[in-house]
Amino acid sequence: MTTTLDSTTTHDTLLDEIADARAPWSTVVKAGDILTMIDLHGNQAVDTLLYAAHDHTVRYSAAATVTAQRNLFLTTGTVLRSDDSTPLMTIVADEVGNHDTVGGACSQESNTLRYGHHTQHQHACVENFLIEGAKWGLGKRDMVSNINFFMNVPVDADGTLGIVDGLSAPGKSLSLRAEIDTLVLVSNCPQINNPCNGFDPTSVRMVVTRP
């Protein structure tokens, strides 16, 4: 199957799947292939972790990524790096223009702390990461600070940050080119207590193509 992404480039489609609302998802994207995330309904946070497919100790580092680009937010041109600055993936297209790398992943513990004990039963991103990561031999020791694609976390001059309505809209997308074979681990965020998902978690589309 082929997909025409613009008037001059045709890509072979290797994978085209839906990450269900509130659910985990994962795949290995081979070096040179492109993963496109499509926010089908708009305002849906996609929590993401990256690992070298053949060595899971090489993993996404928020600190290395932010330091290298001297920008807290992610967009077209951002190289997503590991602790030793190994490039894992590069954002090659972005229809939103601003993605979070400091807000972290929701958990049952943080839900309880922030929103009250009545939320303790609610499913959260950390649980999604652990469930999906187990398929690849990953556990709690392998969890690091994650990327929140499509999530809007502005930072005030005094360092205060907040989670506010997203900048995305139905059909908006971003594309990531793998620089090495990369395991992409996703939690399609189930959070319903703040605006990161518009209080209504929805599905996203994941498409892997090869130029």
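Which residues of β5 lie on one side and which on the other, and are they buried or exposed? In this predicted model, Val-46, Thr-48, Leu-50 and Ala-52 are on one side of β5 and Asp-47, Leu-49 and Tyr-51 are on the other, and all are buried. Buried means under 20% relative accessible area, exposed over 50%, and partly exposed in between, with a 1.4 Å probe and protein chains only. In a regular strand the side chains alternate between the two faces of the sheet.

Residues are numbered from 1 along each chain as its sequence is written. Because the model is predicted, local features need pLDDT of at least 70 and side-chain atom pairs count only at pLDDT 80 or more, while totals for chains, interfaces and linings use all residues; side-chain values use heavy atoms, without hydrogens and water.

Strand β5 covers residues 46-52; strands are DSSP runs (E, at least two residues) numbered from the N terminus. Two strands pair if DSSP finds at least two bridges between them. Seven antiparallel bridges join β5 to β11, residues 182-188, where Asn-188 stands opposite Val-46. Strand β9 (residues 147-149) is antiparallel to β5 over three bridges, and Asn-148 in β9 is the bridge partner of Asp-47. With β6 (residues 55-59), β5 forms two bridges, again in the antiparallel sense. Tyr-51 has Arg-59 of β6 as its bridge partner, and a hairpin of two residues joins β5 to β6.

Val-164 lies in the loop between β9 and β10. Val-164 is partly exposed, its relative accessible area being 32%. Leaving out residues up to four places away in sequence, Val-164 touches Asn-152, Pro-154 and Pro-195, contact meaning heavy atoms within 4.5 Å. Pro-195 is 31 residues from Val-164 in sequence, and their C-alpha atoms are 5.5 Å apart.

Terms used:
Helices (H or I, at least four residues) and strands (E, at least two) are DSSP runs, numbered from the N terminus.
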